[in-house]
Amino acid sequence: KNLLITDFMGRKIFYSLSLSSTQDKAKELANSGEKEGALIVTEKQTAGRGRLGRSWSSELGGLWFSLLLRPKIHPQQVPLLSLISSLAIAKGIETVTSIPCFLKWPNDILVAVEPERYKKVCGILVEMASESDRANWVALGCGLNVNNEIPASLKDRAATLKSIQKSSIARTQLLSVLLTEIENHYDKFLQEGFRTLRKEYLDRCILLGKRIIVSNFEKEFEGECVTVDREGLLVLYTRENKTEKFSSGEVSLSTRV
């Protein structure tokens, strides 16, 4: 805690050697009335998960944490927290390690392993409970590969900060910087919306101008990524010369010519 310079993020810490999932603990605390900013952090997760219920490898050496938030926003705005927190984490990583970080909408933080080839170092998971017009609470989960080992099956698309920097990284210092950046970006978002952070987000987004495929579980769309708009929606100009907007979906770079 003596490294922390935040106002409220991480001022109350729930630390465990092992948890099934920091997100599950965050939800439990949210439902029992815990205050905003509570940090749940663990050395390893036995049932870590990413978006779409996918399992997330969370072995010793990484940063696996969740933050409990209580933003006074409409539920439709909650996905924006994924964008602003991924931007904050990218900047925090750069502050501590000098490793340039890039973003893949909606929730991935990437590093370049060679020109135009990226590997994932971090994923964000945003879950919430809401009423029709307001979010009651949000659990913001972060899985960041720091000094941990990557399973062989994921090495072609995931990396650790240690493997890029070629040396171990002090996780407590990194976590402190990340919490500061998340708090600053969260406050700015609540006061001014995504619009003021959008340019910084776009500057790091690897999808712009690229041919991509977006799957929204019913259908696949292919086309050129035009932008991420002021509402945080991904804008695609399709092969059928139509403009489509997405609030969520699975995105991959197209290999088709």
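Helices (H or I, at least four residues) and strands (E, at least two) are DSSP runs, numbered from the N terminus.

This is a predicted model, in which local features need pLDDT of at least 70 and side-chain atom pairs count only at pLDDT 80 or more, while totals for chains, interfaces and linings use all residues. Residues are numbered from 1 along each chain as its sequence is written, and side-chain values use heavy atoms, with hydrogens and water left out.

On the helix 2 side, the contact (heavy atoms within 4.5 Å) involves Leu83, Ile84, Ser86, Leu87, Ala90, Lys91 and Glu94. Helix 5 contributes Leu197, Glu200, Tyr201 and Arg204. By class, the residues of the contact of helix 2 with helix 5 are six nonpolar, one polar and four charged. Here Ala, Val, Leu, Ile, Met, Phe, Trp, Tyr, Cys and Pro count as nonpolar, Asp, Glu, Lys and Arg as charged, and the others, Gly among them, as polar.

## The sheet and the helices on it

Seven strands form an open sheet in the order 1-2-3-7-6-5-4, with mixed pairing; two strands pair if DSSP finds at least two bridges between them. At the edges are strand 1 (13-19) and strand 4 (101-104), each pairing on one side only.

Strand 1 and strand 2 run parallel and are joined by six bridges. Within strand 2, Gln45 is the residue opposite Leu19. Helix 1 (residues 22-31) packs on the sheet and touches strand 1, strand 2, strand 3 (63-69), strand 6 and strand 7 (135-144). The direction of helix 1 makes about 20° with that of strand 3. Helix 2 also lies across part of the sheet, over strand 3, strand 4, strand 5, strand 6 and strand 7, and runs at about 135° to strand 6.

Ser82 is placed in helix 2 and is buried at 7% relative accessibility. Buried means under 20% relative accessible area, exposed over 50%, and partly exposed in between (1.4 Å probe, protein chains only). With neighbours within four places in sequence left aside, Ser82 is in contact with Pro106, Asn107, Ile124 and Val126. Of these, Asn107 sits in the loop between strand 4 and strand 5 and is buried, with a relative accessible area of 6%. Asn107 and Ile124 are 17 residues apart in sequence, and their C-alpha atoms are 5.2 Å apart in space.

Gly232 is in the loop between strand 9 (220-228) and strand 10 (234-238), and is buried as well, with a relative accessible area of 7%. Leaving aside neighbours within four places in sequence, Gly232 is in contact with Leu80, Leu83, Trp105 and Phe194. Leu81 is 151 residues from Gly232 along the chain, with 9.6 Å between their C-alpha atoms.

## Salt bridges

Side chains of opposite charge can pair when their charged atoms come close. A salt bridge is a side-chain nitrogen of Lys or Arg within 4 Å of a carboxyl oxygen of Asp or Glu, and by this rule there are 16 salt bridges. One of them joins Glu43 and Arg171 at 3.1 Å, N to O. Glu43 lies in strand 2 (residues 39-45) and Arg171 in helix 4 (residues 171-192), so the pair ties together parts that are 128 residues apart in sequence. Glu43 is buried at 17%, whereas Arg171 is partly exposed at 24%.

Lys210 and Glu116 form another salt bridge, at 3.3 Å, N to O. Lys210 is partly exposed at 25%, and Glu116 is exposed at 55%. Asp156 pairs with Arg157, the closest N and O atoms being 3.5 Å apart; Asp156 is partly exposed at 49%. Lys104, Asp108 and Lys120 are linked in a network of salt bridges.

Technical notes
Axes fitted to C-alpha atoms, helices over the stretch in contact; angles between N-to-C directions.
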